[in-house]
Every structure is written in C-alpha cells, then in structure tokens.
Amino acid sequence: MDKMNETAKMILAEAKKYGADYAQCTVSESEKKEFNVDGGQFSLMRTLFNRNIIITVLKEQRKGTVQINRFDEDAVKAAVADAIAASDSGMADPAWEFAQGPVEESYEEGMPKCDTDRLFMRTKELLETIREKHPKILIEQMITEHNAARTVFMSTKDVCYRTRSGSYSFELMYSAHEGEKSSSFYGSNVTLKTLDKPVIECALIERELTAVEQQLDPMQLEGKFVGPAILAPMALAEIVIETMMDNFVGDMGLIDGTSIWKDKLGQEVADPAFSLSFEPFSEDVVIGEHYTSEGYLTKNYDLIRNGKLMSFALSQYGANKTGGKRAGNQSGNMMIMSGKETLEQMIKEIEKGILVMRFSGGQPAPSGEFSGVAKNSFLIENGKIAGALSETMISGCVPEMLKQIRGISSDVMKDGNVRLPYVAFEGITISGK
Amino acid sequence: MLQDLLKEQKAFFKPGVHTELRGQNNRNRRVILVSGDVMANVRSDVSGISARVYRNGVWGFSSMAEYTKDAATTVLKAATENAEFMDRHAGNGKPAFPPLVGGELFKMEAFNDPAQKAYVDFAREIDAYVSAHCPNLSSRKVIATEDSMEKLLKVSDGRDAHILSPRSYIYVFLSAETPAGAPVELFKSFGGSGTFDVNFTDPSVLYAGIDRLYEQLMQKREGVYADAGEKTVILGGMMTGMLSHEAVGHTVEADLVLGGSVAAHNLNKKVASDLVTLTDFAHEAFGETCPLPVFVDDEGTEAKDVTLIKDGILTGYMNSRESALHFGMEPCGNARAWMFSDEPLIRMRNTSVHPGNDKLGDMIASIDDGYYLIESGNGQADTTGEFMFGVTMGYEIKGGKLGRALLDTTISGVAFEMLKTVDMVSDEIVWCSSGFCGKKQPMPVGMGGPALRCKVKIGGR
C-alpha cells in the first residue's frame, strides 16, 4: 500500500505543478484466480496480476481523465501531462464538483486472500452435483474466481480512502438437453465472501437449474392476450430496473431532459407496495461501495418508498446540472422490499398469465415502452404452471406497469450484490404465433 | 509502439508444449458532448503481457500489467504452473495440436495518436452543425472515439505477428418528442478501421448523413406502432448483418456448439433457403478490404474465410485450434483476445450474407402489407437460434410502397426457420463495424449483408 500511496501523492503533486485547480486519482492493484469450465469440462486456469491508475484533473472547470496501468514514474508523469492536455482542450462546465475533506478512511471487506484449492474443490463439487442432480443440464460455460484488490483514492481536497477487499464469484451459463431437444440458455450468478457451503445452495441456483430442466418441451402460445406477468428477479432487473435507471432517474435522462419522471419527485410513481432502495451497507452485500467516483462518502438511500419517488439517482455533476440533489450512492446494490406471498401463492391466484425468468429485448425506449422475447418462461393457467413456452413475446410500458403491481413475493434472490423478489404486473401484452 | 522484447523469450518455451506469449496495448480516446457540454473527456492506455500454455487438453494462463522481459518470464512460469495444476486435477489426455505453418506477419497501419483537442474540436463542429440545422430536438449527443489494439505475438508454432488494428468513430444521437410527448431517439455512426486523424479530416463530409438521420427522426416522431404478429418484411442490410452475427454466427462458434447450440445437430443440413450463403470473412470480401480486417489470430493461425452456410446448407463452424481438432476442421484464425489479460476465444471477424440479384425497389414493390426494417439498436440470440433484435427505424409497406415510419419495436424468430423463408436477396451490401460483440470479453467485429425479404415475428404494442 505504501508504494500506491506514494504514487497517488506524486500524481496530485504533479497535477498541481501543471496548475490544476483540482486533481484526484485512484491507484489500484488486483489479483484474480479463475477456473473455467467449457462444454461441461474443465478447460482453463488463469492468474492475473493487474494494476490501474485513473487520474482526473480540473483546470478552470475543464475536466480531463486519463487511465493507464503502469506504475513507473515516467509513465505516471506522462499520464498527468496527458490529463492536463485533455482538460486544456475541453470546455468549462461549472457543474463539475468533487468532495471536500478532510476525510481519511480505510476499509477491509470480504476475503482478501484466495484459498485456491478450496475454490477448485467447490467448482468441481458444483459441476459434479449438477451432473448428478440435473443430468439434463449441460454447462456451456462456468467461470469461478477469486478477486482481490487494494485501492487508494486520493484528492487535492484532502480526501483519502484506502480499501482492501476480496470475494469469490461463480457464473454459470447452461441449458437443458435431451437428444436433439434443447432449452434456451440461462445464467446463474453469485458472489460470496466464503466458501463454507456448497455453491448450489446459494442464491437461486438450485431452483433455476430445476426450472431450466423443465423447459425441454416448450409449447407455442397461440394468439395474443393481455394479462399478468410474474417477472423473476433477473427479468425484473432487466425490464423494470434498467429502464428506470437508464431513462427516468439517472444523470443522462435528467440532464438531457428526456426523463418522463423529471417532475415527479415526491409523487406517486408506483403501487404503494413497491419500495426500491440502494444499500451498499446491507448485510446481503459482499463488497459494498464506500465512496463515489466524485469522492463522496456513500450511504443507503431510497429511490422509491411505498410507491413514492423519494430521490433521483444523480451524481454531484448531475445534481448541479439539474438543480437536484446527489443520491446517497452510485446505485449498484438494488434492494426491492419483499412481499408476504410465496411465489407459489402468487401463481395460484393467476387464471392466465406468464412467468418470465429472462428477457431478451431491445433497448428500452425513453418512454419506458419495451417489447422482446420472454425467455425461459412458463405459461400459467388456472393457478398452475401449464408448461414452458417458446417464441413468446411480451410488451408493456414500465411506468404503467409500476402502477399495476398485483403481487410481490416473499421469496427473494440474494446474490451477494442485490436482493430481489418476484413481482407480478398486470397489463402485459403476451403474444405467440 | 511496442518494442519486441519477447523474441528471446521463445527460448524458454517448453519443447512439444503449445505456448503463446502476447504483448499488447489497448488505447481508447473518448469525448462525449451532451447538448454541447463535455460530459466525458477520457484517454486510456492499457498494456501488458500474457502467456498461455496447453497441456493434455487443459490450459494455463497468466498476465501482468507490465510489458517487460521480467514480466514475460513471470507469466510464462505462472501459466505453466496453472496448466500443470489443471492437468493434475482435470487433465483429459487430449493430443497436441497439428502443427501450423510458421513465419512472421507484420501489419503496421498508420498509428498516429492525435491530441485530445482533435477529438474535442471535431465533436464540437459536429455538435454546432446539429444545433444550427436540426430544430425541435429535445437533446443531442455527439461521441468521438477511437479504440485501437496493438499486439505482439510469439507462438511455439504458427505465425509470430506484430499487428496494429486502429478503428475510430463519430456517433450522433438525436432525440425528439412525439406529439403525445413521448421521447424518441435515433443514432448513426460514421467511421471504421483507421485512426481518428485518418478517418475524420472534414466535418462537412458527415453533414449529409446527419441530415438524413434528422429527417428519419422527424418521421419517427410522427410514427406508428407496428401491428404485432408474423409479417413479410424487408430486412435492410444493417438488420441482415445483425441476423448474420447474432442469430447464426454465435450458434456456429465451435465453443458454443460444444456447449449445446442448435448447430450441433445441423451440420451439412438445410438451414436456409437456397438464396442464402453466409461467410465469416477474414480480411477481404467481395473484392474489397473488410471493415475490420484480421490477418492472424492470437493462437498464431493465419486468418482465412470460413463459409458457414453455402446455398442454404450449414457447412462449417468457426474454430480455435483446439475445437478444430475436435471437429476435424481447419482452424481459420477465429481465436482472438480483447485485452492483454484476456485469453483467446472463438470470435467472428466480418460476417455477412452474400448479395443476390434483386433490386431493393423491386423487393419493396413486391409486398402488399408488411414492413421495411432498417436500423437495429441491439440484438440478442439464444443458442437455440431464437433471436430478438430491437428495431429503431423502419417503415410500413402498403400496396408495394413505403408508408409511415415505425416507433421502436422488436423482431424475433428462430434463425434456421426464418432463413428458410428468404425469397429475395438484394444486390447491395451494407457493412457496420462500430459495435462490440459481447461474449466473455468484448470484441470489435464487422457485420453486414444485403436486404432480405423474409417472414419474421414483429412486436407491436
């Protein structure tokens, strides 16, 4: 860490020499150990030693940013000169603002040291368990890894953060096969602090493998109807949360004025049962975010509470551009408040609808309208799963859906980064052949 | 430019063990103007070295963010140890690869590095033009960018190489509102292979394209929803490119075939109409240089074209050396890595359907009730061949004539079924190279094709 501190100090001193009004840098070193499984067989082991420096300077409110991955003095000094040149070529924008110190904090999180033998053992165990319990599943690719990182963030406004972290992650991509029949592919992920239990028991991995195995004989839906859709956690994130963050509450949509929620702060935008917060300090998060890229300390915040829009997801820059308020963090660890009913009970109450595990759709329009293919999905009829579906399209409008929530499950997916339930929405157009 | 520090390291390669050593630099320059404000002004240079070693059917890999002889020694040792670990615990005794032709290959294009001011100034000129000539916009965004790769490769057998691959683009995004107040957006990219100073010397060259984009946006804001269901459509060349890449290309990447893609059961079978021939081109297509030419891959295999579909029959897969051995096919240079810290994966290069004999005007005139779909925002496909593309620009076809513009929609289908419905193919090719393909790593790819008349499912409201 000493060498990284010295490098950070040198960067700030060099930037000041060039007349920067403000400078900040992030200096990091990381090590990754990774195992790959391809086509169901072990294929590769990787060890990566990485470094990274990101330098941002502000001169007369003109901003320049440079990223390099060399630590030698000549390269670092050249990078500072490059950042200054980039800033000189830009245009002044009074909205750039960064955290003011004094603040100095250190954090250690997760499991910084990798137990390589145990990581291999858990990977092998997962592969063998899937072969045994889910024989129809073929692992297209599985990547299991440990990531360790040390980071120093320092700015000329007397702000300094030092972090040391490490975590394990498991990513599986798979589909079910029987003869020439195959299901759509599906991905399961989890981030873990420790490897103290079999990975198949984590997040929703076991449930998702079971569901994909049931998708070998999908039926073709005839015609089209408007009805309820239960979105499983990943489909919920893809359709609803991404649309909201990209278009309605983030910097870009608010700065360029295209957000349809730009005047909705404090107003009802969703059903009162719906609450969405971003909580890097939740016990469900393995590696939380402690400070923003502008140097501000983070805290948990509510985006929507009981259906009411409580905050935008603005950076300080975005806040200054729009006259708004900076959000409590950079909105990575989303948490949706769970409901009282189980998924099974939610299904029981639906006469005809669809359960969507994954969504393959176009980029959502700024209006929140979307359409795409409901992947790994099931038809619900008379309160029961009637069978898997193929080639079924769904379309809807996110802001309208949020006001037509018919249920939120008590079952939640906790993958080490987010906590999401199943949510049932009315008014979805579901079309087959 | 990377100096050749790796030559002597070949002496440390273990005899009879396939080994790769790669020094690499990725540079990125990016300026983003949003309604005239500089939102991003970024330069990035990331370099380092990696080694990969193959042993009895398993691989070891290691990389360091340092381009030195010492780093080369370190990663070679670590990659060898990783290969030994894998062999000990999970080796499967697969044989060594058949040897490749050796030699050296150098492709050194002009590799200038313009100052950041060049990107900012050019973007500002484009932004000023949009501001002055495109009224009634709700927002505008201009991005000037270059992302370039330099690779220095040493292999135990095959081609050693030193390759420079620059590419640069201007993206223009325009947004407006429909009469009901709903936002609509369109974008267009300009540029291709080459550094920024080579591709962008005169902003006025882009003005006609921006005018056309604005005209389409104004039509789109008055647009209508597509009528959902299965329709006869004309896919424009950009949409055909997306189809070639997403819906067919990925399913015939040999690693995905081994992972259970639909192509596993369809080799040498009819998967498309007789009018469809599809090739993954290496560096030259239809007598011209490809948008993003590839001459050698990161396993040292000299790049050749791969015919994927010939007159409607599935004829081949794209391979690495390992998968080529498995399938008894010839490796053609598809194993490519994005950063120094990435291992080569099977990737497409420039994937396109071959042109046919029809005129686009005749194709439109042949449809009584359908759609002409021109631009795609993004696309995704399943290993089953089931695909979905976002359609950001298109028109109704009524009575053989273009009608109203469409609001955003999507199309979907199953590639090997939908391709059998192709009954007209235009005689002109459109290429696109500004995007990234996403797999485990991003990768610049070219995709293209002629207009196709076919049947697909279109999403409405």
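Colleague: How many residues of chain B are in contact with chain A, and how many of chain A with chain B?

Modeller: In this predicted model, 66 residues of chain B are in contact with 60 residues of chain A. A pair counts when the C-beta atoms lie within 7 Å. Strand β2 (residues 37-55) of chain B gives the most to that side of chain B, with 10 residues. Sorted by class, the side of chain B that touches chain A has 23 nonpolar, 30 polar and 13 charged residues.

Colleague: What does the predictor give the complex as ipTM and pTM?

Modeller: The complex gets an ipTM of 0.92 and a pTM of 0.93. For chain B, the mean pLDDT is 94, and 99% of its residues reach 70 or more.

Colleague: What makes you say that strand β2 of chain A and strand β3 of chain B pair?

Modeller: Two strands pair if DSSP finds at least two bridges between them. Strand β2 (residues 41-59) of chain A and strand β3 (residues 58-64) of chain B have six bridges, in the parallel sense, so they meet the rule for a pair. If you want a spot to look at, find A:Met45, which stands opposite B:Gly60 in β3(B).

Colleague: Now chain A by itself. How do you know whether its radius of gyration agrees with that of a compact globule?

Modeller: You set the value against the rule for its length. With 433 residues, a compact globule would have a radius of gyration near 22 Å, and chain A has 24 Å, so the two agree. Along its principal axes, the C-alpha trace of chain A spans about 70 × 55 × 35 Å. Chain A holds nine helices and 20 strands, and buried residues make up 53% of its 433 residues. Among contacts in chain A between residues at least 6 apart in sequence, 71% join residues at least 24 apart.

Colleague: Which domains is chain A divided into?

Modeller: There's domain 1 (2-213) and domain 2 (218-433). Their C-alpha centres lie 25 Å apart, and 29 residues of domain 1 of chain A are in contact with 22 residues of domain 2 of chain A. On the domain 1 side, β4 (103-110), β5 (137-155), β6 (159-178), β8 (186-192) and α4 (205-213) of chain A each supply at least two residues. The residues of that side divide into 16 nonpolar, nine polar and four charged.

Colleague: And which domains does chain B have?

Modeller: Chain B is divided into domain 1 (7-221) and domain 2 (229-458). The centres, taken over C-alpha atoms, are 21 Å apart. The contact takes 38 residues from domain 1 of chain B and 23 residues from domain 2 of chain B. By class, the domain 1 side has 15 nonpolar, 13 polar and 10 charged residues.

Colleague: Which strands form the open sheet of chain B, and in what order?

Modeller: Six strands, in the order β14-β13-β10-β17-β26-β23, with mixed pairing.

Colleague: What makes β14 and β23 of chain B stand at the edges?

Modeller: β14 (313-314) and β23 (430-432) of chain B each have a single partner strand, so one side of each is left without a neighbour in the sheet. Elsewhere in the sheet, strand β10 (residues 278-281) and strand β17 (residues 350-353) of chain B pair in the antiparallel sense over four bridges. B:Leu278 has B:Val353 in β17(B) as its bridge partner.

Conventions
Residues are numbered from 1 along each chain as its sequence is written. Chains are lettered from A and ligands numbered from 1 in the order in which they are written. This is a predicted model: local features need pLDDT of at least 70, side-chain atom pairs count only at pLDDT 80 or more; totals for chains, interfaces and linings use all residues. pLDDT is the predictor's confidence in each residue, from 0 to 100. Two residues are in contact if their C-beta atoms, placed from the backbone, lie within 7 Å. Ala, Val, Leu, Ile, Met, Phe, Trp, Tyr, Cys and Pro count as nonpolar, Asp, Glu, Lys and Arg as charged, and the others, Gly among them, as polar. The radius of gyration is taken over C-alpha atoms; the globule rule is 2.2 Å times the number of residues to the power 0.38. A residue is buried if 20 or more other C-beta atoms lie within 10 Å of its own, exposed if 12 or fewer, and partly exposed in between; C-beta atoms are placed from the backbone. Domain bounds come from an automatic or database domain assignment.
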